[in-house]
Amino acid sequence: MQFHMPARLYFGSGEIQNIDKVITEYIKAKKSILVTDKGVVASGLVERVKLLVPGVKIYDQIEANPKSDTINAIARELREIKPDLIIGLGGGSPLDAGKALALLATNPGNIEAYEGREKYVQDPLAFLAVPTTCGTGSEVTWVSVITDVDRKFKMSIKGPKLYPAASIVDPDLIRTLPGPVIASTGLDALTHAVEAYLSKPATLITDVNAEKAVGLILGSIESAWEDIENNREQRENLMYGSTLAGFAFGNSDVTAVHCISESIGALYDVAHGIANSIFLPHVLEYNRPACEEKMAVLARKTGIRNSDDSGAAREFIENIRQLSARLDIPVFRDLNIGPDQFELIADMSFRNNSNPSNPRSLDREDYMNILENAYKSGE
Ligand SMILES: [Fe+2]
């Protein structure tokens with residue numbers, strides 16, 4: 001058993017104020033570039049960071065489900081500029097883009113060549129992760145997920161050198177996040193924790209983190225969604241939950257929910273958290289016969305009192321389903337993906353690297369059934 005998390009973590013409300021100190025005193029970087037997206041720029045946060053990190057060069061063109069073309073184009077510039085630190089500021093997309101750029105800054109060619117584990121030859125540049133949503137977990141994992149635009153496929157690029165050098169997790173950065181983003185990214189974090197807990201590679205250490213994460217997220221997501229601005233404690237709990245969920249899945253794995261969400265993210269550009277929220281209850285229902293006992297343990301930690309394992313597991317799934325509805329998460333049909341696409345999605349999900357980690361084995365037919373059930377449930 002191994003547990004790996006070498007990134008130095010700075011956690012706390014207001015911690016962003018120390019970013020320059022982290023850069024100059026801990027990472028000892030002299031030339032930083034920052035990757036982000038237009039939404040973070042519009043929030044005013046990039047301007048704030050520019051004042052805190054004098055001279056930082058900004059790349060703000062990272063899109064949702066970050067694309068290989070965008071990454072490769074920025075990388076060509078970085079090889080000219082020769083920075084010594086990449087800062088990722090934003091949700092999962094800018095953070096994953098930052099890791100990919102840290103790799104390409106020191107290694108030749110395009111990002112597609114580095115799909116898989118430890119494909120880099122030179123050590124990537126130092127990377128500083130600053131999450132601004134409550135879901136990604138990317139700030140404490142070694143993986144970067146980039147969409148290969150030619151194959152319409154989400155590649156996992158990973159390895160121990162892709163851990164951030166440091167992460168600043170400041171719950172104040174989610175203070176003005178819109179409700180729908182809190183819902184989708186918070187439920188992404190919940191999915192990370194639940195999948196990590198039930199995945200085949202789960203260990204005692206990932207379980208402890210996952211259990212705590214599930215409790216923190218379920219206990220805070222609704223009040224944060226209703227009024228995050230005036231709810232400091234719930235902001236902090238959500239961010240703790242998201243980070244602990246990252247510890248858990250980063251050292252075990254995700255399962256079939258992410259196999260589906262990554263597929264429909266790559267094919268139809270569906271927001272990652274929305275896709276996870278839609279499929280989590282359906283995959284749990286499929287997995288229940290293979291891990292009912294463990295699901296029941298998790299269920300009881302969330303306050304379910306049913307002493308029958310099957311009943312407790314069913315209640316847990318139902319609670320997640322109802323939570324998504326209360327948070328106004330769309331149903332599968334709202335995504336406008338018709339049944340004629342299911343074979344393609346099922347095939348891609350089956351080929352996802354995390355498919356073998358699912359507690360109950362699935363073939364393409366099983367994915368088809370899950371997709372059809374999810375589609376029917378939105379009738
Ligand atoms: Fe995720």
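Is aspartate 188 buried or exposed? Aspartate 188 is buried, because its relative accessible area is 5%, and the cut-off for buried is under 20%. This report describes a predicted model. It starts at the metal and then turns to the strands and the cores.

## The iron site

Four residues coordinate the iron ion. Asp188 gives an OD atom. The angles among the 4 donor atoms span 83 to 170 degrees. The site is irregular.

In sequence, the donors follow the spacing D-x3-H-x65-H-x13-H. Aspartate 188 and histidine 258 link distant parts of the chain, 70 residues apart. Aspartate 188 sits in helix α6, residues 179-198. Histidine 258 sits in helix α9, residues 256-268. Histidine 258 counts as buried because its relative accessible area is 4%.

## A covered strand

Strand β4 covers residues 85-90. Of its 6 residues, 6 are buried. Both faces are covered. Leu85, Ile87 and Leu89 lie on one side. Ile86, Gly88 and Gly90 lie on the other.

Strand β4 pairs with two strands named here, β2 and β6. Strand β2, residues 32-35, pairs with β4 in the parallel sense over 4 bridges. Strand β6, residues 126-131, also runs parallel to β4, joined by 6 bridges. Isoleucine 86 takes part in both pairings: isoleucine 33 is its bridge partner on one hand, and phenylalanine 127 in β6 on the other.

## The nonpolar cores

The largest nonpolar core holds 82 residues. Val194, Phe279, Leu284, Phe316 and Phe332 touch the most other members. Helix α10, residues 272-301, gives the most to this core, with 13 residues.

Phenylalanine 332 shows the contacts in detail. Leaving aside residues up to four places away in sequence, phenylalanine 332 touches Ile278, Phe279, Ile337, Phe342, Leu371, Ala374 and Tyr375. Another core lies apart from the largest one and has 27 residues. Its members include Ile71, Ile86, Ala97 and Ile157. Ile86 is also one of the buried residues of strand β4.

Technical notes. Residues numbered from 1 in each chain as written. Predicted model: local features only at pLDDT ≥ 70, side-chain atom pairs only at ≥ 80, totals over all residues. Heavy atoms only, no water. Donors = N, O, S within 2.8 Å, 3.2 Å for Na, K, Ca; no water. Tetrahedral: all angles 85-135°; square planar, octahedral: opposite > 155°, others 65-115°. Buried < 20%, exposed > 50% of the residue type's maximum accessible area, 1.4 Å probe, protein only. Pairing = 2+ DSSP bridges. Core = buried A, V, L, I, M, F, W, Y, C linked by side-chain atoms within 4.5 Å. Contact = heavy atoms within 4.5 Å.
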